[in-house]
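Good morning, and thank you for coming. I would ask everyone to look at the structure on the screen while I speak.

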Amino acid sequence: MHLLTVDTLEQAQNKIYSYLAKNELKTEKIALTQAFQYILAEDIHAPFAVPHFRRSTVDGYAIHSLDTVGAGESIPCFLKVLGAVEMGEENRYTVKRGECVYVPTGGMLPNGADAMLMIEYAEKFGENEIACYQNVKHNQYVVDVGEDIPEKSLVLEKGTILRPHEIGVLASLGLAEVLVYAKPTVAIISLGDEILQAGERLEAGKIYDVNTYGLYAQAVKFGFAVQEYHHVKDDREAICRILENVVHHVDIVCVSGGSSQGEKDFTASLLAEISTTGILTHGIAVKPGKPTITAYDEKNACLLLGLPGHPVAAMLLFELLAAQVYRKLWQVSPIVQITAKMACNFPSADGRLTCQLVQLEREGHEYTAIPIFGKSGVVSSLAKAQGYILVGMNSEGVKKDEQVCVYLI
Ligand SMILES: Nc1nc2c(c(=O)[nH]1)N[C@H]1C(S)=C(S)[C@@H](COP(=O)(O)OP(=O)(O)OC[C@H]3O[C@@H](n4cnc5c(N)ncnc54)[C@H](O)[C@@H]3O)O[C@H]1N2
Ligand code: MOO
């Protein structure tokens, strides 16, 4: 009888981390248009203040706010119009007391003026005058120099995931390129005599390949680049050939299936042969995902993961191992979690950390987490889930109505 000696999830993660951390993280300069979902590899300081000139936030007249003290709907004050600031042009005017200049939204404020009067509260009066029907406050509708981003301030930190929002901020600084971590390249190798590819005829005993596509999308979601994917039958020689080949040109090899101890489960022995470290972990105290294998090839700086064939386990373990360890290396903030109330009692697995997929239901301002029961081979549970909860290996479980952290997926 051969039982797996299991690592805790943390031990398995730390082993991988210690090898990956020996290599310098690869970075590259990329165009801002391509930067979505990359991770920033440098702190960004503002090279200049944003805005770098005082701007109006409305269409109206740049004025001295003190001129409007006491003005209102029935008692206007009168201001002389000097002219208009053109959009995108440098201001040429100086506004003195009793004067004003027309400025469009976003235009440059003239010298002297300290506030904007919206055109809705102004009425043309004669050739060069307006009647002002509002008591305008100092700085009203004006964005000061550096009010948005002060010069030299830290705008974005290294390790920030670039969403459209951060890309907009970088664009405001006039940056056409940005230094990011290069996406680690991934090869996915799905094993199994029973696996069919989409488009092939469904036959008794066969199933369609889920893991190649699920892992592909997981990799993209977490900032990796899938370089190649292969389906290989349970033939030791064939698997060995492909592993020996891909290990030279990707950063991570994800083998799906063959992780357990069946007659045709070759992953562990092959990863032991191919890596320089031998097997780092075979068996993690986590449910699902127990038979997961890790190894590292120092010659090619390649992480080797033997993920369980069951799709729920394969996708989850990719997240817990590859994604979380790389996020730690990149110093990315942890995966977003929300608090929810447990819908029912939920037991823990004996001596294993349980990662339980849950559905979220909203009641008013609170969320309820409903466990999705199903074995880790049940694919439909993946699409129902919005997140997962972790139930500690030494915990007795979670009680109904207890508050839990839900990691969003
Ligand atoms: N005697 C034991 N049997 C099993 C154990 C054990 O400890 N002792 N562990 C079970 C657990 S837990 C898991 S998880 C699986 C792990 O299996 P393998 O990694 O060896 O994978 P396979 O046997 O090849 O496949 C398992 C299951 O997953 C399906 N599969 C595989 N690849 C795909 C794919 N690309 N797309 C969709 N589904 C896939 C496969 O058809 C099997 O149903 O072992 C248990 N057994
Ligand atoms: O890892 Mo297995 O997926 O526990 O079912």
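Let me begin with a question: how many Å lie between a backbone N or O atom of Lys 290 and an oxygen atom of ligand 2? The distance is 3.3 Å. Please bear in mind that this is a predicted model, and that the distances I quote are computed from it.

I shall stay with ligand 2 for a moment. The residues around ligand 2 are Pro 288, Gly 289, Lys 290, Pro 291, His 310, Ala 313 and Ser 376. Sorted by class, this shell has three nonpolar, three polar and one charged residues. With His 310 the contact comes from the side chain: one of its polar atoms is 3.2 Å from an oxygen atom of ligand 2. As for its location, ligand 2 sits in the largest pocket.

I turn now to ligand 1. The largest pocket is also where ligand 1 sits. There are 20 residues around ligand 1, and those that come nearest are Glu 194, Asp 209, Val 210, Ser 259 and Ser 260. Glu 194 has an N or O atom in its side chain at 2.6 Å from an oxygen atom of ligand 1. For Asp 265, the corresponding side-chain distance to an oxygen atom of ligand 1 is 3.3 Å. On its own, ligand 1 has 870 Å² of accessible area, and the protein covers 66% of that.

Next, the domains. The assignment for the chain gives domain 1 (9-26 + 182-330), domain 2 (29-46 + 157-181), domain 3 (55-143) and domain 4 (337-408). Taken over C-alpha atoms, the centres of domain 3 and domain 4 are 58 Å apart.

Finally, I come to the cavity. A search of the whole structure finds one cavity of 30 Å³ or more. The largest cavity holds about 40 Å³ of space. Its lining is formed by Gln 37, Tyr 38, Ile 39, Tyr 181, Ala 182, Lys 183, Gly 223 and Trp 330. By class, that lining has five nonpolar, two polar and one charged residues.

Definitions and conventions. Residues numbered from 1 in each chain as written. Chains lettered and ligands numbered in written order. Predicted model: local features only at pLDDT ≥ 70, side-chain atom pairs only at ≥ 80, totals over all residues. Heavy atoms only, no water. 1 Å grid on protein atoms, 1.4 Å probe; cavity = no way out; pocket = protein on both sides within 12 Å on 5 of 7 lines; lining within 4 Å. Points joined across faces, edges and corners; volume = space filled by probe spheres on them. Nonpolar A, V, L, I, M, F, W, Y, C, P; charged D, E, K, R; others polar. Near = heavy atom within 4 Å. Polar contact = N/O pair within 3.5 Å; in protein donor to acceptor, adjacent residues only side chain to side chain. Areas by Shrake-Rupley, 256 points an atom, 1.4 Å probe, with all protein chains shown as cover. Sits in = over half its atoms within 2 Å of the grid points. Domains from an automatic or database assignment.
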